[in-house]
Amino acid sequence: MLANGSVFHPRAGRAYILRGGRVVAGAGDIRSADILVGADGRIAGIGEGLTAPDADVVDIANRLVTSGLVDAHQHLDKTGVLRFTPNPSGTLQGAREAFAKYARTAPPDDITRRAERTMARCLSRGTTAIRSHINVDKDAGFNGIEALAALRGAWAERLTLQLVAFMTPHPGQDLEWLDANIDAAVEKADVVGGTPAVAEDPYRYMDILFGAAARHGKPVDLHLDEHLNPQRPLFDAVFDRVRKYGLESRTVLSHVSVLSAMPRAAFERIRDEILELDLGVVTLPAANLYLQGRDADMLPPRGLTRVAELVRAGVPIATASDNIQDPFVPTGAGDMLEIGRWTLLAGHLRGDELKTIYSMMTEIPARLMGLGADYGLREGAFADLLVTDCADVDTFVAGGADTMTVIAKGKPVFEMASRPVAGDEHRQPAGSG
């Protein structure tokens with residue numbers, strides 16, 4: 001529902017102008033501007049008083065226009081399997097074992113059905129780009145990566161989907177299998193990933209991952225030190241391989257929970273190397289709040305990394321969903337705004353840092369995913385936009401919108417309109433024309 005009360009339906013295959021919106025630029029600054037969306041689904045112009053021959057004009061007076069949200073870390077092969085994969089311990093290892101058992105018999109059409117449902121829910125809540133880690137191991141084989149590769153193509157006009165070949169080590173599953181199969185897996189993927197802390201030989205395992213990334217010219221995204229034991233971090237081994245294989249600026253470290261358990265001096269040394277190598281970080285508050293610290297007798301830890309300190313040091317850190325309704329995280333609706341609020345609360349950010357949270361689910365994850373000029377409120381980018389009734393970015397992050405139109409690749413794909421309370425049917429929302 002837009003400012004004039006009409007439903008947003010521009011003619012298919014035609015350019016259109018979003019007239020009179022308040023466009024979010026940079027770190028939450030707002031300017032009044034029109035947006036011209038070309039027939040190719042890309043932003044053709046941003047400015048006041050735009051015109052274009054034969055273009056439809058859509059009145060969005062006083063509506064806030066933001067970029068689509070970016071979820072830089074999901075597991076779409078696992079989503080929605082909660083009722084099939086009990087995890088009585090509530091621990092990370094319990095979740096890994098539960099899914100490994102399920103993956104041995106999960107058919108590809110089951111993966112496709114579950115993943116599409118979550119992708120649709122994410123899109124309806126404003127997420128227009130997702131990076132998903134997909135298990136490749138002796139249990140799952142190639143079922144997940146093949147199913148998601150097909151969805152990546154089928155959804156290309158609605159959602160940008162990147163796939164991480166998540167080469168998953170399990171006890172008793174030797175590294176020879178992963179080494180023999182990684183090239184075939186990486187050819188189907190966009191990124192190389194893994195979880196070194198649970199490998200029987202983490203150093204050889206990392207050489208397999210980084211070697212494949214270098215051979216195929218693809219970036220790396222690791223689940224790194226998703227634990228709270230300060231005696232066994234693997235940061236230095238990762239830094240050595242980033243340098244050896246030339247993957248500076250092309251490596252992302254997800255979770256890094258152990259940083260919160262390390263002495264300050266040790267943390268600061270690692271932080272400085274992350275900055276020097278231009279590495280990205282992704283925090284996953286839902287999973288780390290749920291899985292970590294269950295064995296603590298008193299004052300259980302939050303389980304997250306040092307979110308606030310990394311942010312304030314200038315480390316590019318994004319927040320993301322991780323798992324949705326599975327043994328790793330039993331809840332979730334594909335709502336990045338919900339995840340953003342958890343990040344602020346659990347990560348010890350402040351109420352005056354809501355714009356920081358916005359950056360952590362827009363331009364920062366877009367940068368870590370290498371979306372480049374295809375993303376953002378700029379000419380030439382895909383028109384992945386959210387049009388809402390929010391007053392500003394702080395309001396958008398803190399409480400969300402009552403009315404929202406999701407535009408993906410230039411096409412309106414979802415509209416949400418609030419229902420008036422009894423006796424309020426004839427009132428217009430604040431700021432409407």
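How many bridges join strand β1 to β5, and do they run parallel or antiparallel? I found two bridges between β1 (residues 16–25) and β5, and the strands run parallel.

Ground rules first. I am reading a predicted model, where local features need pLDDT of at least 70, side-chain atom pairs count only at pLDDT 80 or more, and totals for chains, interfaces and linings use all residues. Residues are numbered from 1 along each chain as its sequence is written, and side-chain values use heavy atoms, leaving out hydrogens and water.

Strand β5. I took helices (H or I, at least four residues) and strands (E, at least two) as DSSP runs, numbered from the N terminus. Strands pair if DSSP finds at least two bridges between them. Val65 of β5 is the bridge partner of Val23. I then looked at β14 (residues 385–388), which pairs with β5 in the antiparallel sense over four bridges. There, Leu386 partners Thr66.

I checked burial next: buried is under 20% relative accessible area, exposed over 50%, partly exposed in between (1.4 Å probe, protein chains only). Both faces of β5 (residues 64–67) are covered, with Leu64 and Thr66 buried on one side and Val65 and Ser67 on the other.

Helix α3. The buried residues are Gly144, Ile145, Ala147, Leu148 and Leu151. They fall within an arc of 165° seen down the axis, so they line one face of α3. I note that the arc uses directions from the helix axis to the C-beta atoms. Ala150, Gly153 and Ala154 are exposed on the face turned away. The buried residues pack against α2 (108–124), β7 (127–136), β8 (160–167) and α4 (175–187), with contact meaning heavy atoms within 4.5 Å.
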